[in-house]
Amino acid sequence: NIMAQLDRWPGGLPSNIWAQEQVIIDEYELELAPDIEPGTYQIVVGLYTAENGRRLPVSDADGRPYPDESVHLPLTVTIRR
């Protein structure tokens with residue numbers, strides 16, 4: 001289940017104008033619902049085209065594609081009450 005989501009161009013730039021190997025540093029702040037259940041949540045990221053909403057393919061350093069064209073970041077968010 002998606003507990004929070006934010007859609008915007010990374011760095012304010014659409015992906016079709018990025019230069020090859022360009023690094024874009026971007027920060028996001030997600031607002032969680034006040035009644036969110038306590039627990040540990042995984043952060044998942046993905047990119048998609050603005051034209052049709054199709055996810056862009058993503059692969060690891062060895063060229064193996066990630067499932068669902070998304071990356072599970074190696075960090076979590078823990079909610080306690």
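Arginine 8 and aspartate 26 meet through their side chains in a salt bridge, at 3.5 Å from N to O. Both residues lie in the segment before S1, so the pair ties together parts that are 18 residues apart in sequence. The model is predicted. A search of the whole structure finds three salt bridges, but zero aromatic pairs.

- Arginine 8 counts as partly exposed, because its relative accessibility is 41%.
- Aspartate 26 also counts as partly exposed, at 28% relative accessibility.

**The network around arginine 64**
- Asp60, Asp62 and Arg64 are linked in a network of salt bridges.
- Arginine 64 meets aspartate 60 side chain to side chain, with an N to O distance of 3.0 Å.
- Aspartate 62 also forms a salt bridge with arginine 64, and here the closest N and O atoms are 3.3 Å apart.
- Aspartate 62 is exposed, with 59% relative accessible area.

**Positive phi outside glycine**
- Glutamate 21 is not a glycine, yet it has a positive phi of about 65 degrees.
- Its place is in the segment before S1.
- Glutamate 21 counts as exposed, because its relative accessibility of 73% is over the 50% cut-off.
- Aspartate 68 is not a glycine either, and its phi is positive at about 60 degrees.
- The loop between S1 and S2 holds aspartate 68.
- Aspartate 68 is exposed, with a relative accessible area of 61%.

**Serine 70 in the S1–S2 loop**
- Serine 70 lies in the loop that runs between strand S1 (39-45) and strand S2 (71-79).
- Serine 70 counts as buried, because its relative accessibility of 8% is under the 20% cut-off.
- Leaving aside residues up to four places away in sequence, serine 70 touches Val44, Val45, Arg55 and Val58.

**Alanine 33 and alanine 4**
- Alanine 33 belongs to the segment before S1.
- Alanine 33 counts as partly exposed, with a relative accessibility of 37%.
- Alanine 33 and alanine 4 are 29 residues apart in sequence, while their C-alpha atoms are 8.0 Å apart in space.

Technical notes
Residues numbered from 1 in each chain as written. Predicted model: local features only at pLDDT ≥ 70, side-chain atom pairs only at ≥ 80, totals over all residues. Heavy atoms only, no water. Helix = DSSP H or I, 4+ residues; strand = E, 2+ residues; numbered from the N terminus. Buried < 20%, exposed > 50% of the residue type's maximum accessible area, 1.4 Å probe, protein only. Contact = heavy atoms within 4.5 Å. Phe/Tyr/Trp six-rings, centres within 6.5 Å; stacked < 30°, edge-to-face > 60°. Salt bridge = Lys/Arg side-chain N within 4 Å of Asp/Glu carboxyl O.
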